[in-house]
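This report goes through selected parts of one protein model. Have the sequence and the coordinates open while reading.

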Amino acid sequence: MPNTNRSTLTQFLIEERRRFPGASGDFNALILDVAIACKAIARAVAFGELGGMMGNHAAEAGGSVNVQGETQKKLDVLSNEVFIRRTEWAGNLAGMASEEMDLPYQIPGQYPRGKYLLVFDPLDGSSNIDVNVSVGSIFSVLRGPDNGADVTEADFLQPGRKQVAAGYALYGPTTMLVLTVGDGVNGFTLDPNLGEFMLTHPKMQIPQDTQEFAINASNSRFWEAPVKRYVDECLAGRTGPRAKDFNMRWIASMVAEAHRILMRGGVFMYPRDTKDASKPGRLRLLYEANPIGLIMEQAGGRASTGEKPMLLVQPTALHQRIGLVFGSKNEVERIERYHLEPAPKESTNPLFGERGLFRD
Ligand code: AHG
Ligand code: MN
Ligand code: MN
C-alpha cells in the first residue's frame with residue numbers, strides 16, 4: 001500500500017520556497033531539472049549491459065581520458081551529457097563545470113542565461129560501473145555573475161561555504177536523492193511506480209561518534225603521520241588507545257560512502273599523501289569535497305582537509321584536488337587534532353596511548 005502522505009521533491013521545494021517570498025522559482029526549477037537528470041542516469045545505469053553502455057568511452061579508438069588523465073567510461077560521458085542537456089535550456093544557469101569537461105561550459109546562445117552555476121561529478125565511482133556496485137552523481141550550486149557574460153574559471157573559485165545548495169544521487173538498490181538547500185539535509189527515494197523522488201529521510205543527522213572508518217589502506221605507505229596514527233589506533237581496537245574495536249569499509253564510490261556515513265555514522269578519509277607530488281589528494285574540491293562537505297556539516301557532521309574545515313578553503317583551480325576527511329564530528333575533530341599536535345613518539349604502542357599506563 002503506497003504511503004500517500006509523503007512529500008514529493010516538488011512539494012518539498014515549493015514548501016521550502018514559501019519561507020522566501022521574494023524567490024523567483026529559478027532555484028527550484030534548477031533542482032527539479034537536476035533531479036530529472038539523475039533519474040535519466042539512474043535508468044541508464046540500471047540497464048547495465050543491456051543498454052550497451054558498459055566499458056570505456058571510444059574504446060575502439062583507444063579510449064578517451066578526461067582533464068584529470070582518467071579513462072572515461074561510456075557512462076561518464078553519457079551522464080555528463082545528460083546533466084548538460086537537462087539543465088542548460090531553462091534560463092537558470094550562468095554556466096556549468098564538470099569533472100568530465102576541461103573548461104567551464106558556456107550556456108549556448110539560443111538559451112537565456114541565469115544567475116546560478118552548476119558544478120558536478122556526473123558519475124562518481126565509475127570504476128564500479130562494470131562490476132555492478134553503487135555509483136552516484138554529485139552536484140553543487142553556486143551563485144554566478146548574472147550579467148549574461150561567458151563564465152570564466154574564476155567565477156567558480158568560491159569557497160564551499162558559499163554554496164547555495166548541494167546534493168547527490170545514489171544509484172544503488174534504490175535510487176536516492178540527498179539534498180541540502182542550507183537548512184538541514186533531506187533524503188528522497190525514487191518511487192519507481194511514480195517516477196518521483198519522495199521524501200523518505202527528513203532532517204538527516206550523522207551520529208557524532210562512530211566505530212567505523214573508510215580508507216584505501218593500499219596507500220598506507222604514503223600516508224602522513226597523523227593519518228597513520230589515527231588508523232593504527234583504530235586497528236589496535238579494544239586493547240589500544242581508543243579502547244574499542246573498529247570496523248572498516250571501502251566501496252570506492254565516495255558518494256556511497258557518504259551515504260552510509262549519513263545513515264549510520266563513520267569517518268571517510270582520502271587524505272593528502274605522498275604518492276604523487278602533483279596530486280595533493282585524490283578527490284576534487286569543487287565537485288566532490290565541497291558538496292559532500294556541505295551535506296556533512298548540514299547533517300551535524302564535519303568535513304575537513306585534515307587541518308581545517310573544507311568549506312573555508314579558497315579554491316585555486318577548477319579541477320583542484322585536495323585531502324578529504326569527513327563524517328562523524330568527534331572523529332573528524334580528532335583527526336584534525338592529530339594534524340595539529342606534534343606526533344607522539346610511541347603512537348602505536350597502547351601502553352603509551354591516550355588511556356595507556358604510561359601516559360603522563
Ligand atoms: P570518479 O569515479 O568520479 O573519478 O571518483 C572516484 C573516486 C571516489 O569516488 C572514490 O572514493 C575514489 O575515487 C576511489 O579511489 P581508489 O581507486 O584510489 O580507491
Ligand atoms: Mn568522483
Ligand atoms: Mn566521476
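## Terms and basis

Buried means under 20% relative accessible area, exposed means over 50%, and partly exposed lies in between, computed with a 1.4 Å probe on protein chains only. Helices (H or I, at least four residues) and strands (E, at least two) are DSSP runs, numbered from the N terminus.

This is a predicted model, in which local features need pLDDT of at least 70 and side-chain atom pairs count only at pLDDT 80 or more, while totals for chains, interfaces and linings use all residues; side-chain values use heavy atoms, without hydrogens and water. Residues are numbered from 1 along each chain as its sequence is written, and chains are lettered from A and ligands numbered from 1 in the order in which they are written.

## Helix α1

Helix α1 covers residues 9-17, and its buried residues are Leu9, Phe12, Leu13 and Glu16. These residues lie on the same side of α1, because they cover an arc of only 95° around the axis (the arc is that of the directions from the helix axis to the C-beta atoms). An α-helix has 3.6 residues a turn, so residues three or four places apart point the same way.

The buried residues of α1 pack against α2 (26-47), β6 (175-180), β7 (186-191) and β8 (196-201). Contact here means heavy atoms within 4.5 Å.

Strand β5 (residues 165-171) has seven of its seven residues buried, so it is largely enclosed by the rest of the structure. On one side are Ala165, Gly167, Ala169 and Tyr171, and on the other Ala166, Tyr168 and Leu170. In a regular strand the side chains alternate between the two faces of the sheet.

Two strands are taken to pair if DSSP finds at least two bridges between them. Strand β4 (residues 135-143) runs antiparallel to β5, joined by seven bridges, and Ser137 has Ala169 as its bridge partner in β5. β5 also pairs with β6 in the antiparallel sense, over six bridges. Leu170 stands opposite Met176 in β6, and the two strands β5 and β6 form a hairpin with three residues between them.

Asp121 and Leu123 are both buried.

## The five-stranded sheet

An open sheet of five strands has the order β10-β9-β11-β15-β13, with mixed pairing. Its edge strands, each pairing on one side only, are β10 (247-248) and β13 (302-304).

Strand β15 (residues 324-327) pairs with β13 in the antiparallel sense over three bridges; Ala303 has Phe326 as its bridge partner, and Ser304 stands opposite Val325. β15 is also joined to β11 by four bridges, again antiparallel, with Leu324 as the bridge partner of Tyr270. Leu324 and Phe326 point one way from β15, Val325 and Gly327 point the other way, and all are buried.

## Helices on the sheet

Helix α7 (residues 285-298) lies across β13 and β15 and runs at about 150° to β13. Helix α8 (residues 329-340) packs on the sheet and touches β11 (267-270), β13 and β15, its direction making about 25° with that of β13. Axes are lines fitted to C-alpha atoms, for helices over the stretch in contact, and angles run from 0 to 180 degrees between N-to-C directions.
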